[in-house]
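Please go through the structure shown here. The briefing after it covers the chain as a whole, the helix pair and a few selected residues.

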Amino acid sequence: MAMPRPTAAQLAYGSCTVIFSTLAMLLLSQTSSGTGIAVISVAALALGLLVAMTVPLPGKRPAAVEQPATQEPLRASVPAPAPAPEPVRERAAS
């Protein structure tokens, strides 16, 4: 079984993580010994590898499960007829 090749996104995220985490750890620790620099470098490489492996691969997304839409019966809404106006009744003059 062949090992899959890393994508461009994995390479970019992993490389940026290694560079920025190495700089940040070196600046924060203010170490100048060779052993400290080696430990920080190994930790940054491990972090970069972790980030590169967790970048989602294209085409391996889980398919979304579609829920069947519940269909409600349609009700025709017919406006009620307007009430007929009552005829005006005039009173007889008495």
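Predicted model: local features only at pLDDT ≥ 70, side-chain atom pairs only at ≥ 80, totals over all residues.

Residues are numbered from 1 along each chain as its sequence is written, and side-chain values use heavy atoms, with hydrogens and water left out.

**Chain**

- The chain has two helices and zero strands; helices (H or I, at least four residues) and strands (E, at least two) are DSSP runs, numbered from the N terminus.
- Of its 94 residues, 12% count as buried; buried means under 20% relative accessible area, exposed over 50%, and partly exposed in between, with a 1.4 Å probe and protein chains only.

**Helix pair**

- The axes of α1 and α2 come within 8 Å and cross at roughly 150°; axes are lines fitted to C-alpha atoms, for helices over the stretch in contact, and angles run from 0 to 180 degrees between N-to-C directions.
- That angle makes α1 roughly antiparallel to α2, a label for angles over 145 degrees, with those under 35 called roughly parallel, 65 to 115 roughly perpendicular and the rest oblique.
- The crossing of α1 and α2 is right-handed, meaning that the near helix is turned clockwise from the far one by less than a right angle.
- Residues of α1 that meet α2 include Tyr13, Gly14, Thr17, Ser21 and Met25, and among their counterparts in α2 are Ile40, Ala44, Leu47, Gly48 and Val51.
- By class, the contact of α1 with α2 has 12 nonpolar, seven polar and no charged residues; Ala, Val, Leu, Ile, Met, Phe, Trp, Tyr, Cys and Pro count as nonpolar, Asp, Glu, Lys and Arg as charged, and the others, Gly among them, as polar.

- Thr17 lies in helix α1, residues 8-29, and counts as buried because its relative accessibility is 19%.
- Leaving out residues up to four places away in sequence, Thr17 touches Thr22, Leu47, Gly48 and Val51, where contact means heavy atoms within 4.5 Å.
- Ser21, also in helix α1, is buried at 11% relative accessibility.
- Beyond its neighbours within four places in sequence, Ser21 is in contact with Ala44 and Leu47.

**Outside the helices**

- Gln30 lies in the loop between α1 and α2 and counts as exposed, at 68% relative accessibility.
- Although Gln30 is not a glycine, it has a positive phi of about 55°.
- Val55 is found in the segment after α2 (34-54) and is buried, with a relative accessible area of 13%.
- Val55 touches Ala9, Gln10 and Tyr13, not counting residues up to four places away in sequence.
- Val55 and Gly14 are 41 residues apart in sequence and 9.1 Å apart in space, C-alpha to C-alpha.
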